[in-house]
Amino acid sequence: AITNHMPTAELQALDAAHHLHPFTHGDALNKKGARVITRAKGVTLTDSEGHDYLDAMAGLWCVNIGYGREELADAAARQMKELPYYNTFFQTTHVPAIALADRLAQLTPYDLNHVFFASSGSEANDTNIRLVRTYWEQKGHPEKKAIISRKNAYHGSSMGSASLGGMSAMHAQGGMPIPDIHHIDQPYWYGEGKDTDPAEFGLERARQLEAKILELGEDKVAAFIGEPVQGAGGVIVAPDTYWPEIQRICKKYNILLIADEVICGFGRTGKWFGSETFDINPDVMTIAKGVSSGYAPLGGSLVSDEVAEVLNGCEFAHGYTYSGHPVTCAVALENLRILDEEGIVTRVGSETAPYLKEKWETLAAHPLVGEASVCGLMGSIALSPDKANRAKFAAEAGTAGLICREHCFSNGLIMRHVGDRMVISPPLVITKSEIDTLVERANIALDLAH
Ligand code: PLP
């Protein structure tokens, strides 16, 4: 049998022989092998060689509650024994789906009181494409089809969600984007706003939405989608002027606003939802990741009372076998209970996020760092060879980030690189002393990369 006790090299050889990995070059697997992670507790991962890492990425921005919470495993086991599976199609339902829908309606802001379940953020965003178009068809405007998104956005990996996303490397493979999806520039002031005032820049970028709506025609546009903070694009926080202007434009031209909260949701920004942090009032909200802290695959689209009322006027011919899977719903409920009852989200807002900000921003003094910024428990640094001019590394994009990431690994820290930006998104249970360790190790890695 293949177990944790096998030599790492053998596991890596088997892995390279049979396992196609997401976002991984095959050559890298054959040359070096993948890092084999064997167990985890709290904020710490352990690999097959016995090395520990502070996981400053919470897996893929998802293990909000931290690793090793047995209550979630128990909730899954209980549900598997009682009712391991049933679907929610064709007028059936079950208690875990009812209870989770009810809980989400209580937790989400405004009147986002209705949820369509999926198993991932990608599936939820695919749902959103059909959902917003169906909404307009139901309202007698079938020509309102276009969805406007942003360059460098990440909304998932399926055909629909990756088309919504604005990742050029993804669009270059496999025939994307699908029709009727348009991209405006991102509100990335540090990288693209050089000589402008941030407030002006935020307005200018938001007004690109208005220009795009006018170009396409107001009667052709169904929705705008955006992450409150662009996560996979490099933790890019828009200037304060951006979201109010986006909101105003969506209202003025009668287009739906979709907040993709897959990363920002469930405490990441210091409130339950990024929409609360940035005062966004969306019609549709995408959730995944932190809703179940990654212990079971779950995503969903939350919609407002008005959107739900229109959708309920027809049969929405859409659904996944695992929409509202009872086991994942039970796990999510337990996760949300703990996040709430242990005050984990509240503590992020009042204690750990301000502490991370204070510590993380000291990295800006490093000669390699052009910018160090934080939003809640998400942080980023921009690596620059000439910080006074916010220069980018001339070599292949991402080289400096990749080197820095490898130094992090060798020093017991998992950070991710997005081109020349290094990003973090640690479990929300991280303590102040673990934040000290995180920043110390990041400093060491930066010194070594310099
Ligand atoms: N939306 C955002 C903002 C994300 O960050 C991600 C994943 O990173 C997704 C959607 C896609 O979610 P999933 O990987 O669960 O399909």
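# Briefing: domains, sheets and ligand shell

Thr 46 has Asp 52 in strand E3 as its bridge partner. This pair belongs to a predicted model in which the mean pLDDT of the chain is 96. A residue pLDDT of 70 or more is reached by 99% of the chain. The scores of the model are ipTM 1.00 and pTM 0.98.

- Strand E2 (residues 44–47) pairs with strand E3 (residues 52–55) in the antiparallel sense, and three bridges connect them.
- Four residues separate E2 from E3 in a hairpin. In its turn, Gly 50 has a positive phi of about 90°.
- Strand E1 (residues 37–41) also pairs with E2 in the antiparallel sense, here over four bridges.
- The hairpin of E1 and E2 has two residues between the strands. Gly 42 lies in that turn, with a positive phi of about 65°.
- E3 runs parallel to strand E15 (residues 413–414), to which two bridges join it. Opposite Asp 55 stands Ile 414 in E15.

**Domains and their contact**

- Which residue ranges make up the two domains? The domain assignment puts 35–68 and 343–449 in domain 1, and 71–341 in domain 2.
- The distance between the C-alpha centres of domain 1 and domain 2 is 26 Å.
- In the contact, domain 1 takes part with 27 residues and domain 2 with 24 residues.
- On the side of domain 1 that touches domain 2, at least two residues each come from helix H3 (58–61), helix H15 (344–360), strand E13 (369–375), strand E14 (378–383) and strand E17 (421–424).
- H15 gives the largest share of this side, five residues.
- The class make-up of the side of domain 1 that touches domain 2 is 15 nonpolar, nine polar and three charged residues.

**The four-stranded open sheet**

- Four strands form an open sheet in the order E13-E14-E17-E16, and the pairing is antiparallel.
- E13 and strand E16 (416–418) are at the edges; each has a single partner strand, so each is left with one side that has no neighbour in the sheet.
- From one strand to the next, the twist averages 20°.
- Six bridges link E13 and E14, which pair in the antiparallel sense. Among the residues involved, Val 369 has Leu 383 in E14 as its bridge partner.
- H15 lies across both E13 and E14. Its direction is at about 175° to that of E13.

**The seven-stranded open sheet**

- A second topic is the open sheet of seven strands, ordered E4-E12-E11-E10-E7-E5-E6 and mixed in its pairing.
- Strand E10 (residues 256–260) and strand E11 (residues 284–287) run parallel and are joined by three bridges. Ala 259 has Met 285 in E11 standing opposite.

**Shell around the ligand**

- There are 16 residues around the ligand. Those that come nearest are Ser 120, Gly 121, Ser 122, Gly 156 and Val 262.
- Which helix gives the most to the shell? Helix H6 (residues 121–138) does, with three residues.
- The shell is made up of six nonpolar, eight polar and two charged residues.

**Backbone details**

- Most residues other than glycine have a negative phi, and most peptide bonds are trans.
- The peptide bond between Met 176 and Pro 177 is cis, with omega about -5°. Pro 177 sits in the loop between helix H8 (168–171) and E6.
- Phe 266 is a residue other than glycine with a positive phi, near 65°. Phe 266 is placed in the loop between E10 and helix H12 (274–277).

Definitions and conventions
Residues are numbered from 1 along each chain as its sequence is written. This is a predicted model: local features need pLDDT of at least 70, side-chain atom pairs count only at pLDDT 80 or more; totals for chains, interfaces and linings use all residues. pLDDT is the predictor's confidence in each residue, from 0 to 100. A residue is near a molecule or strand if its C-beta atom, placed from the backbone, lies within 6 Å of it. Ala, Val, Leu, Ile, Met, Phe, Trp, Tyr, Cys and Pro count as nonpolar, Asp, Glu, Lys and Arg as charged, and the others, Gly among them, as polar. Domain bounds come from an automatic or database domain assignment. Two residues are in contact if their C-beta atoms, placed from the backbone, lie within 7 Å. Two strands pair if DSSP finds at least two bridges between them. Axes are lines fitted to C-alpha atoms, for helices over the stretch in contact, and angles run from 0 to 180 degrees between N-to-C directions.
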